[in-house]
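I opened the model to look at its helices, strands and loops. My entries follow in the order in which I looked things up.

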Amino acid sequence: KDIEILQKVNVLPKAITPDMVTFFIKFCKMSNLNPFKRQVYIIPRGSGYSIQVGIDGYRSIADRTGLYAGSDDTVFDDEKNPTKATVTIHKFVNNIKCSFTASARMNEYRPPENNIWNKMPNTMLGKCAEALALRKAFPNELSGIYTDEEMQQADVIKEENKNGDSTAKETKDKPAPTGYPFSRQV
């Protein structure tokens, strides 16, 4: 019954196999993330699927350590047309509050012709910067786990035209680039 509900709200794709569902449920239990809170979900990626953790899942993982001391507001190089977002995360290290700052650049994350990125570029780029900063502050808890916002560019392949110029296009039928641990096809 829960699986059907998760499929209705698009946390689980309707076409996934029972083995994929079992894998996803095990991941949720091991990471203590709740798909009903949209902390974790499966995204079609290439010719397979990718488990993605939402930014709220990232925050939850950091908070559970007891060392997470919050974050500053995202800083953009240009509020109206951002090309870079920077986030600072705070963490207690040996009882000292330390800062971990990371920046995300639009040209590295924004997929072409993506409505949500076009509608809310600051929010999307800010999530990428926050995920980078959280991974920097909490590498043992978050290494190898990526957000959907960070991975959307993996759906894009570059094709060379006759002049040797590269153009990007979105694809759902090509395999995702390798090197992303949770982009493995499941």
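I began with burial in helix 2: Met-20, Val-21, Phe-24, Phe-27, Cys-28 and Ser-31 are buried (under 20% relative accessible area, with exposed over 50% and partly exposed in between; 1.4 Å probe, protein chains only). They cover an arc of only 125 degrees around the axis, which puts them on the same side of helix 2. I took the arc from the directions from the helix axis to the C-beta atoms. On the other side of helix 2, I found Pro-18, Asp-19, Lys-26, Lys-29 and Met-30 exposed.

I note the basis here: this is a predicted model, where local features need pLDDT of at least 70 and side-chain atom pairs count only at pLDDT 80 or more, while totals for chains, interfaces and linings use all residues. Residues are numbered from 1 along each chain as its sequence is written, and side-chain values use heavy atoms, with hydrogens and water left out. Helices (H or I, at least four residues) and strands (E, at least two) are DSSP runs, numbered from the N terminus.

What covers the buried residues of helix 2? I found helix 1 (2–8), strand 1, strand 2 and helix 3 (55–64) included in the cover, with contact meaning heavy atoms within 4.5 Å.

I then checked the length. The 14 residues of helix 2 should span 20 Å at 1.5 Å a residue, and the end C-alpha atoms are 20 Å apart, which agrees. The expected span is 1.5 Å times one less than the number of residues.

**Strands 1 and 2**

Is strand 1 buried or exposed? Five of its six residues are buried, so strand 1 is largely enclosed by the rest of the structure. Strand 1 pairs with strand 2 (residues 48–53) in the antiparallel sense, over six bridges; a pair needs at least two DSSP bridges. I looked up Tyr-41 and found Gln-52 of strand 2 as its bridge partner. The hairpin of these strands has two residues between them, and Gly-46 there takes a positive phi near 65 degrees.

Most residues other than glycine have a negative phi. I looked for exceptions.

Asn-32 has a positive phi of about 55 degrees. Asn-32 follows helix 2, in the loop between helix 2 (18–31) and strand 1 (40–45). At 51% relative accessibility, Asn-32 counts as exposed.

Asn-94 is not a glycine either, yet has a positive phi of about 50 degrees. Where does Asn-94 lie? I found Asn-94 in the loop between strand 5 (84–93) and strand 6 (96–105). Asn-94 counts as exposed, at 70% relative accessibility.
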